[in-house]
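I opened this model to go from overall shape down to a few single residues. These are my notes, in the order I looked things up.

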Amino acid sequence: MVTPLACQHRAPARQIARLAKRLYSSAAEINSFEPVRGMDLGVAHSKLLLRSVASVQASSELQSLGVADSDTKKMNMCQAINDAMRHALSADNTSVVFGEDVAFGGVFRCSVGLADEFGRERIFNTPLTEQGIAGFAIGMAAMGHTAIAEIQFADYIFPAFDQIVNEAAKYRYRSGNQFNVGGLTIRTPCSAVGHGALYHSQSPEAFFAHVPGLKVIMPRSPIQAKGLLLAAIRDPNPTIFFEPKILYRSAVEQVPVDDYMLPLSKAEILKPGKDVTVVGYGSQIYALENAIQMIERDMPGVTCELIDLRTILPYDAETVINSVNKTGRLVVAHEAPRTQGFAAELAAEIQERCFLRLESPVQRVCGLFVPHPLVFERFYMPCAVRTYEAIKNSLSY
Amino acid sequence: MNLAALPRILPGLRGSRALRWTHTRLGQLQRTFDKALPQAHCPLTAAFSTSSCVPRKKVMFPGALDSEYTHELRFASNVESIPTYQVMDTDGKVLDAANDPQVTEEEARKIYKNMHVLNVMDQIMYEAQRQGRISFYMTNFGEEALIGSAAALDPKDQVFGQYREAGVLLQRGFTIQQFMDQCYSNEKDLGKGRQMPIHYGTKELHFQTISSPLATQIPQAAGAAYAMRREGKKLCAMCYFGEGAASEGDFHAGLNMAATIGCPVIFFCRNNGYSISTPSIEQYRGDGIASRGIGYGIDTIRVDGNDIWAIYAATKAARKIAVEQNKPILIEAMTYRISHHSTSDDSSAYRSKKE
């Protein structure tokens, strides 16, 4: 095409303009990571949540518990937890709920309406002292009562560490089974929320997974939270129930309104696969779901098996071992920092039990080993992309 | 309003009746003003210093319970020590007839016998440890009068101890054989041989198993007391600890929770002057542990820890208040640890034989 000399400088400009237009229209594609291209990420688009009554009815686990066909109600995770506590308080007259700010409904609204229904003698505020809350709860449980104590953020559970580790966990053992604090349940919001930084984002499950005598649980969804919390409250052992706070509002399901309990120490296979076992818990499950979607899109024919551990202590090693014996590869992911995180325990146990079956080293995708930062959280988190990399490494070892 | 300023403000008002009327009206206005506006925020009232003839204002913030404003910059500090309740003199004679314990001779004999049994058992078990028969032991020399507190309780009151409360167990009916079973970790030990000697615990006698971490039992006792309050059985929790353990965070947490939530628990501090080698002057600077109870809004009494009837009477009265009013009580018993801290301690390293 012949262009007049005067307009020669405009041709590249027009080309640039056309290029820019293309750039802007596909900015999301070009600016994002290659694997994420065109994908809907996160819990809002998750197919693992049972959002319809039909999906609840189709759940084999809920079928076996007899609640798959019962009435359901659309609830987010904090409403499901509220519902669980309501059932626990109704069924057991010795049960009480206490902690900082629980009486008005709680800073995350998990105890809304409980004080009005059950009275301020059973739903009450405590002074600002986690060690006091834990000790008080232990004392009530030692008398055979059911104490549901709330620690406002898992980041603040450390003042209570002595009471939990030295007292609650050892109460039954050291007394020769004369006394116990089985009625103790500690509930606490945990994990990253996007803007929590160092002290509103921690996932300290690994500290407690190291203590004989405790049970440690982390649910991934409203139906799971309700069933596991009721099981935790009624379990005759002191239990710590970690609630990923980002899921309080973002995870919504049709939750059975009945009183039901999900089994503790039983991992759930969320998606069967034959090439690699991917294990996680809590909010990380949704990053794993996305990573698996990307892998299966980019490597046709490859299928990944996704397992939600649900109970971190005592964990269901058998389900993971059976899966690894089938696939030969394992990837474990959690938000907590890498060194000495729970993935280290799982990796060590699996390599010991499945050594000759493993086709590649166990991959751990975890938070970076730094305090949880604010503006740099995107780099810290074991996101879907990092998990994608790890699964890819495992498959191509 | 400064009355001295009045003649300048209202000249000619020196007549006494007019002055009195003015003073009354000004006082009324002052009171209305003060009620309506906090003094600090009102430049008008701030300009006038309050004289002694107008009432002082109460602080109106939710956190201030009964405080009044003052214009004197003065740091409060402890001046008067809380007195120590005593019933007997050193010869055992009841000084004031009104304090007579009103126990039967049988009860008194039982207490006296248990004090002796405790003393002799401690001597034998200390030697047993030195002979290598058991690994560890703690004696109670000098603190035998603690038995008086156990005598004042209901047998079903839940006891949360620290480690120097074997006398309480004796008074409750723990047999010498049972003490031995635990110390020797034999097959009859109720604790199943899992803990070091002197970590006794018995469900039958409502004595929670002793644990080594100090002061952890304090908030637990508050929680247990709350459970008992909910059951409505008019029982209380009894929590023993030493003055050293009262420095732990759990002490402050436990007392504050018991006071705010309303738990029928007796906090009994055995202030025996030492935490292993640390004397009480290095443990606290305030007026002992008793002054802390006041700080938490808890009714408190200090007693002579070697006066068995003082301990008995104080515990009995404390129990009545705790159970009837569902609130905690703090008792600080002043005594002296004659023994070493334990068989792993030789106290001549930090105190003279003369002491």
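**Ground rules.** I'm working with a predicted model, where local features need pLDDT of at least 70, side-chain atom pairs count only at pLDDT 80 or more, and totals for chains, interfaces and linings use all residues. Residues are numbered from 1 along each chain as its sequence is written, chains are lettered from A and ligands numbered from 1 in the order written, and side-chain values use heavy atoms, with hydrogens and water left out.

**Overall shape.** I counted secondary structure first: chain A has 17 helices and 14 strands (DSSP runs numbered from the N terminus, helices being H or I of at least four residues and strands E of at least two). Next I checked the radius of gyration, taken over C-alpha atoms, against the globule rule, 2.2 Å times the number of residues to the power 0.38. Chain A comes out at 24 Å, close to the 21 Å that the rule gives for 397 residues, so it is as compact as a globular protein of that length. Along the principal axes, the C-alpha trace spans about 95 × 50 × 45 Å.

I find 58% of the 397 residues in chain A buried (under 20% relative accessible area; exposed is over 50%, partly exposed in between, 1.4 Å probe, protein chains only). For contacts, meaning heavy atoms within 4.5 Å, I took pairs with a separation of 6 or more in chain A, and residues 24 or more positions apart account for 81% of them.

**A:G301.** Is this one buried or exposed? At 58% relative accessibility, A:G301 counts as exposed. I placed A:G301 in the loop between α13 (284-298) and β11 (304-308) of chain A. Leaving aside neighbours within four places in sequence, A:G301 is in contact with A:K274 and A:D275. A:D275 is 26 residues from A:G301 in sequence, and their C-alpha atoms are 9.2 Å apart.
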